[in-house]
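Open the model in your viewer and keep the sequence panel beside it. The tour goes from one selection to the next and says what is found at each stop.

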Amino acid sequence: MTARRLQFAGLIVALAIAASGVAQAAQPASTDALTWLRKMADAAHTLDYAGTFIYQHGSTMETSRIVHFTDASGDYEKLETLDGPPREIVRDNDNVTCYLPRSKTVLIDKGQRRRFPTLLPAQVDGITRNYDLHTGAVRRVAGHHCQAIRLTPKDKLRYGHEFCVETSSGLPLVARMYDENGKLIELFAFSTIKIGGITRDMLESKYAAVSGDWKIERSVLSEHAVKGDGVWQVEDRPAGFARLTEVQRMIAGQPQPVTHIVFSDGLAAVSVFIEPLPADAPRTGQSRQGAVNIVTRPVANHLVTVMGEVPAATIMQIANSLAFKGQ
């Protein structure tokens, strides 16, 4: 993935920002499964927990350690990779600091992003509009019993999901994602997990004290994002995907703001980034990074990048039907 695409990947908005905007007209679903999803959505945000989990896609596997803590002052988290080059991410509410000791770099960002085990939006009822929900067997993972929940898409425009939710707390212990053909493409699973008994000092960074002379790179997001003007329209929007937000953002190294549009079906999100066509425009085309499909193409003297954890056909449909309606 190019540096430009990595910048955009960092901007994919957490699903919780406006998922209620696509919650209307939800279809009947398994009441039991929906109850479990509501419990799961709450647990990942509000519980104190610490554990080690694996992430696998294709032949790539990565192990990480996570600590999550909440109190009256807010929501805190530390994530560190245990394989390959060391990386530590410390989040203090919406303030995110990433330490890269190999390159002696500190990345400073803002905002909460969707990552395991925080995988669902705050409001989950709208998910039933585009997915059928079913409960499965009770299993045992990392020494805990968990309830299997399956989300089967109603069409080929989105991926399928399966979660295994700890029966007492609601914390997801396993998350699987399946492509439009039912093939497993992504897996998260705790190998060890402790729920409760976490203290704030367990989130202290091991690099903060030694990083005083490291290179600092500020967030690719401007803190002064402004509302977009709506001159870009998707004329053939995929069924079930609603436009959630449109803003203009300043990105590091870019002289002009980039338009960022987010579409969601209540679970999956697709981001569209639009910038003036640069003289050294990167090669256009289609690519894939894990479960994220990416399409880059020129439209009306602009460079458009569309990406999301949805099938390539969904990304292509949005990219190919994006039209400029301004002057």
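Select Met-40 to begin; this residue lies in helix α2. The model is a predicted one, and every value below is computed from it. Is Met-40 buried or exposed? Its relative accessibility is 2%, so Met-40 counts as buried, the cut-off for buried being under 20%.

Now show what surrounds Met-40. Apart from neighbours within four places in sequence, its contacts are Leu-119, Leu-120, Phe-163, Val-165, Gly-170 and Pro-172. Take Leu-119 from that list: Met-40 and Leu-119 are 79 residues apart in sequence, yet their C-alpha atoms are 8.9 Å apart in space.

Select residues 31-46, which make up helix α2.

Colour the buried residues of α2: Ala-33, Leu-34, Trp-36, Leu-37, Met-40, Ala-41, Ala-43 and Ala-44. An α-helix has 3.6 residues a turn, so residues three or four places apart point the same way. Among the elements that cover the buried residues of α2 are β1 (49-57), β2 (60-71), β7 (131-141), β8 (144-153), β9 (160-166) and β10 (172-178).

**The core**

Next, select Leu-37, Leu-120, Leu-151, Phe-163 and Val-272. In the largest nonpolar core, which has 58 residues, these five touch the most other members. Helix α2 gives this core its largest share, seven residues. In soluble globular proteins, nonpolar side chains tend to be buried together.

Stay on Leu-37 and show its contacts. With neighbours within four places in sequence left aside, Leu-37 is in contact with Leu-120, Val-124, Leu-133, Ile-149, Leu-151 and Phe-163.

Select β9, residues 160-166. How many of its seven residues are buried? Seven of the seven are, so β9 is mostly covered. Turn the view to look at each face in turn. Gly-160, Glu-162, Cys-164 and Glu-166 are on one side and His-161, Phe-163 and Val-165 on the other, and all of these are buried. In a regular strand the side chains alternate between the two faces of the sheet.

β8 and β9 run antiparallel and are joined by six bridges, and a hairpin of six residues links them. Within this pairing, Cys-146 stands opposite Glu-166 of β9.

Val-165 has Pro-172 in β10 as its bridge partner. Five residues lie between β9 and β10 in their hairpin, and Gly-170 in the turn has a positive phi of about 90°. Gly-170 and Pro-172 were both on the contact list of Met-40.

**The disulfide**

Show the side chains of Cys-146 and Cys-164. The structure holds one disulfide, and it joins these two residues, with 2.2 Å from S to S. The link of Cys-146 and Cys-164 is right-handed, with 85° about the S-S bond. Because Cys-146 lies in strand β8 and Cys-164 in strand β9, the pair ties together parts that are 18 residues apart in sequence. Cys-146 is buried at 0% relative accessibility, and Cys-164 is buried at 2%.

**Backbone stops**

Most residues other than glycine have a negative phi, and most peptide bonds are trans.

- Select Phe-116 and Pro-117: the peptide bond between them is cis, with omega near 0°. Pro-117 lies in the loop between β6 (105-110) and β7.
- Select Asn-93, in the loop between β4 (88-92) and β5 (95-100). Its phi is positive, near 55°, and at 25% relative accessibility Asn-93 counts as partly exposed.
- Select Asn-301, in the loop between β19 (292-299) and β20 (302-308). Its phi is positive too, about 60°, and at 65% relative accessibility Asn-301 counts as exposed.

**The whole chain**

Finally, zoom out. The chain has three helices and 21 strands. Of its 327 residues, 50% count as buried. Its accessible surface comes to about 15000 Å², with 50% of that belonging to carbon and sulfur atoms.

Technical notes
Residues numbered from 1 in each chain as written. Predicted model: local features only at pLDDT ≥ 70, side-chain atom pairs only at ≥ 80, totals over all residues. Heavy atoms only, no water. Core = buried A, V, L, I, M, F, W, Y, C linked by side-chain atoms within 4.5 Å. Buried < 20%, exposed > 50% of the residue type's maximum accessible area, 1.4 Å probe, protein only. Helix = DSSP H or I, 4+ residues; strand = E, 2+ residues; numbered from the N terminus. Contact = heavy atoms within 4.5 Å. Areas by Shrake-Rupley, 256 points an atom, 1.4 Å probe, with all protein chains shown as cover. Pairing = 2+ DSSP bridges. Disulfide = S-S within 2.5 Å.
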